[in-house]
Amino acid sequence: MDQTLRSSHTDLVFETQLANGAEAFVVLLLEHKSSPDELTAFQVLRYIVRLGEERLRNKQPLCPVLPIVLYHGPRPWNAARSVRELVGGPAAFLNSSRTSRCRWSI
């Protein structure tokens with residue numbers, strides 16, 4: 001894992017068997033936050049992309065990534081939960097089925 005990723009989150013790799021019998025790897029990405037950060041959704045997206053790039057460099061297949069933000073601050077989370085919420089533009093475009101639906105549980 002690259003140094004930027006290593007210093008900023010924890011990941012766990014699980015090997016699992018799918019319903020069709022195929023094997024798959026799932027990466028659990030944990031990001032800890034003690035205060036709301038408006039760009040957390042974008043930060044998590046960058047982690048996912050970097051993880052994919054590293055797997056490809058190491059000749060490993062891409063695999064599903066389950067990102068989870070663990071928030072333990074005193075106030076309710078009030079920052080964006082998806083990259084879509086950070087992107088400006090007409091509602092018709094942003095709500096289109098063709099735009100990204102990346103969203104993380106917090």
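Which side chains meet in a salt bridge? I began there, keeping in mind that this is a predicted model, and I found that the side chains of Lys-33 and Asp-37 meet in one, at 3.4 Å from N to O. My search of the whole structure gave one salt bridge.

Next I turned to helix α2, which takes in residues 40-57. Its 18 residues should span 26 Å at 1.5 Å a residue, and I noted that its end C-alpha atoms are 26 Å apart, which agrees. I listed the buried residues of α2, among them Val-44, Tyr-47, Leu-51 and Arg-55. As a reminder to myself, an α-helix has 3.6 residues a turn, so residues three or four places apart point the same way. After α2 comes Lys-59, for which I noted a positive phi, near 60°.

I stayed with Arg-55, which lies in helix α2 and is buried, with a relative accessible area of 10%. Leaving aside neighbours within four places in sequence, I found Arg-55 in contact with Phe-25, Gln-60, Pro-61, Leu-62 and Cys-63.

Last, I searched the whole structure for aromatic pairs and found one. Tyr-71 and Trp-77 form this pair, which is edge-to-face, with 5.0 Å centre to centre and 75° between the planes. I also checked Trp-77 itself, and at 11% relative accessibility Trp-77 counts as buried.

Note on methods
Residues are numbered from 1 along each chain as its sequence is written. This is a predicted model: local features need pLDDT of at least 70, side-chain atom pairs count only at pLDDT 80 or more; totals for chains, interfaces and linings use all residues. Side-chain values use heavy atoms; hydrogens and water are left out. Rings of Phe, Tyr and Trp (its six-membered ring) pair if their centres lie within 6.5 Å; planes under 30 degrees apart count as stacked, over 60 as edge-to-face and the rest as tilted. Buried means under 20% relative accessible area, exposed over 50%, partly exposed in between (1.4 Å probe, protein chains only). Helices (H or I, at least four residues) and strands (E, at least two) are DSSP runs, numbered from the N terminus. The expected span of a helix is 1.5 Å times one less than its number of residues. Contact means heavy atoms within 4.5 Å. A salt bridge is a side-chain nitrogen of Lys or Arg within 4 Å of a carboxyl oxygen of Asp or Glu.
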